[in-house]
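Colleague: Hey, can you walk me through some side-chain contacts? I'd like to start with what the words mean.
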Amino acid sequence: MSTRKIVVALALLSGLSLAVWTVFAHEGEHHSPGGNGQPNGAPLTAMFNQPCSNGMAGPFPCSKVDLAALLPVADIDGTEGEVTANDIWGWTDALTDREYALLGLSNGVAFVDVTNPTAPVYLGNLPRHSADSLWRSLKVYRDHLYVVSEAAEHGMQVFDLTRLRGVNAPQTFTETAHYNNFSSAHTIAVNEETGYLYVAGSKPAAARTPGVDTCAGTTSPSGAVRGGGLHVVDARNPAAPSFAGCVNEDGYTHETQCVVYRGPDAQHRGREVCFNANEDTLTIVDVTNKAAPLQLSRTTYDGKGYTHQGWLTGDQSRFLLDDELDEQNQKLARNRTFVWDVSDLDAPSVRGIFEGSTPSIDHNLYVRGLYAFESNYRSGVRVVDVRNAATANLSEVAFFDVFTADDAAFFNGTWSNYPFFASGTVVASGMEQGLFVLRPQVGLPVRIDYEPYFVRQQYRDFLGREPDEPGQAFWTHEIEQCMGDAACREVRRINVSAAFFLSIEFQETGYLVYRLHRTSFGTPPAFASFTNDARQVGQNVVVGQAGWEQQLAANKTAFAEAWVQRPAFLAEFPAGMDAQAYVSKLFQRAGVNPTLTEAQAAANAYAPGDTQGRARALRAVVEGATVTQAHKSPAFVLMEYFGYLKRDPDAEGYNFWLGKLNQFNGNFVQAEMVKAFISSFEYRQRFGQ
């Protein structure tokens, strides 16, 4: 790639003294004069619970976005002196479901508990590793925070976020680990599904070898080393990240989004793909093989100023891209979001351009479901409906303006935002202002209506564990690819939920436990005992991960052997029973007539008084085709109560749904059984909805 020009010109306000401000320029980004946007630069104070009413939330212009709280930089910077905010991300603690804002500052990172959005709690700071810097970028993977900066020799900080649990007074934290395979970097992205970090615009670390344990930068016309492409880091062991490779073919990368691609381009489906904002192009790279990345396309576009950052829509057919310098360089009356058609990764194109409502510069944007949240510097956070992104027909539906003086095309105000909390809280950074905790009022799906949370809850309710990242991504995409088709989303939610009962993992754990109870005692299990038993059988089993079959086999063997020694089982099946009596009674309790082959196999496995033999015979019965098929519908109905409502069924309700499921020959969609449970008041009440 030819060396690109670095745009550093910045128009100054007439009469403004250069002595009071500094322009920091890096690969197209700046910081303008203008203070915090308040009249006469008046200092901001903490604010709480300011609803958006008549176009204002406290001193801030707004539309359909309430100000839950504002914590000024001075309240959370942890030091004295001139400190500004920059990037922001969020973390939800899977153990407690508490939500935390992670705010980048010029001197480190501030941690704020925003679980109660109108009463955020400042917990302390992680100081920078080297020098202060205007630029900082951060992401989260498996409860660990990863921080990069433009400061020389900063490398990447690693911080274990579980250390925030139980903090009741602000602290100065220390980094958990440090990765020093690069010196400085501009931004960082994470693909949570694969466990790889993608560091953009990094400069090589001293005493390391490009392509071996660091990545080469690019060279400016003057010969100075600039940042390079993507420096890839393996973070699957979160506290001990390691070098994995480089993406260098197209030179400098400013920001990226990397995903396992599930969009319409069948040729590349299932591959790990990065969508790189490379200054004047959208450059798409297959990074499945970290040692040999493959550039799929490099595409420029009319009207470019500086290709900055973008995000995919839920169906992965469109990529919304913000260009950071077109507004200022071309003196545009309204800012622009470029809607790219990426349904062909080898030949993407601009499908259309969405024009915003102000001339402010657009910076970072993220897509949550049917809405994009755009941080547009002086005009604040703009909420854009993207359900019609296929035709590039977007519309602004709400906003919160953090810089009240004007919406001019200068580099003040909001840097970025994080819209992915299940609660619907959105946190945003104001460079000169601080942390904004916002509550959009646009019908944003939250908690159990929010696709990632819904999917996660299926894992918790039916498999008794937190989701593995590939499974979470796969099932979430199954719903999100419907985009604005509400009927499609409803059907997909039903099918996704039902898939957990039908999955190999549940059939071999929870359904196995059901059949053990039914075959041993003639009755289905009670909720309390079932939950504990299913957890034991499924312990450390994640279907698809290496060694899962061996782990499951060991779990089932150990559980069955312990089961036949339980007092309740021995009371029904004494140790001295002969094979025929033992096996016949099991099939009788199961309520089925076995085939001769099944009966003989169970009898052959039995040995009187031998725990292992008794367990093998029991498993032969409950894992046989006759018992497995006979109880599928009764178990399905019972699991609706266990999974969704967390209780034993009432007889009337259970019989009603079993009759309806049988009426439709097990077709749960036609029976509207799953639909009824996930839309019921009792289920939704579990999540405060």
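Predicted model: local features only at pLDDT ≥ 70, side-chain atom pairs only at ≥ 80, totals over all residues.

Colleague: OK, so is R387 buried or exposed, or in between?
Modeller: R387 has a relative accessible area of 32%, so R387 is partly exposed.

Colleague: And which residue does R387 form a salt bridge with?
Modeller: That would be D385, and the closest N and O atoms are 2.9 Å apart. D385 counts as buried, because its relative accessibility is 13%.

Colleague: Why can side chains pair like that?
Modeller: Side chains with opposite charges can pair when their charged atoms come close.

Colleague: How many salt bridges are there in the whole structure?
Modeller: A search finds 39. One of them joins K646 and D461, at 3.3 Å from N to O. That pair links distant parts of the chain, 185 residues apart: K646 is in the loop between α15 and α16, while D461 is in helix α3. K646 is partly exposed at 30%, whereas D461 is buried at 11%.

Colleague: Switching topic: how many aromatic pairs do you get?
Modeller: The count is 44. Take F521 and W563: their ring centres are 6.0 Å apart and the planes sit at 45 degrees, so that pair is tilted.

Colleague: Is W563 buried or exposed?
Modeller: W563 is buried, with a relative accessible area of 1%. F521 is partly exposed at 26%.

Colleague: Got another tilted pair, and what's the angle between the planes?
Modeller: W657 and F677, with 50 degrees between the planes and 5.9 Å centre to centre. W657 lies in helix α16 and F677 in helix α18, so the pair ties together parts 20 residues apart in sequence. W657 is buried at 13%, and F677 is buried at 5%.

Colleague: Which aromatic cluster are W657 and F677 in?
Modeller: One that also includes Y453, F462, Y641, Y644, F656, Y683 and F687.

Colleague: Last one: which ring does the charged end of R493 sit over?
Modeller: The ring of F454, 4.0 Å from its centre. The charged end of K585 sits over the ring of F573, 5.1 Å from the centre.

Conventions:
Residues numbered from 1 in each chain as written. Heavy atoms only, no water. Phe/Tyr/Trp six-rings, centres within 6.5 Å; stacked < 30°, edge-to-face > 60°. Buried < 20%, exposed > 50% of the residue type's maximum accessible area, 1.4 Å probe, protein only. Helix = DSSP H or I, 4+ residues; strand = E, 2+ residues; numbered from the N terminus. Lys NZ or Arg CZ within 6 Å of the ring centre and 35° of its normal. Salt bridge = Lys/Arg side-chain N within 4 Å of Asp/Glu carboxyl O.
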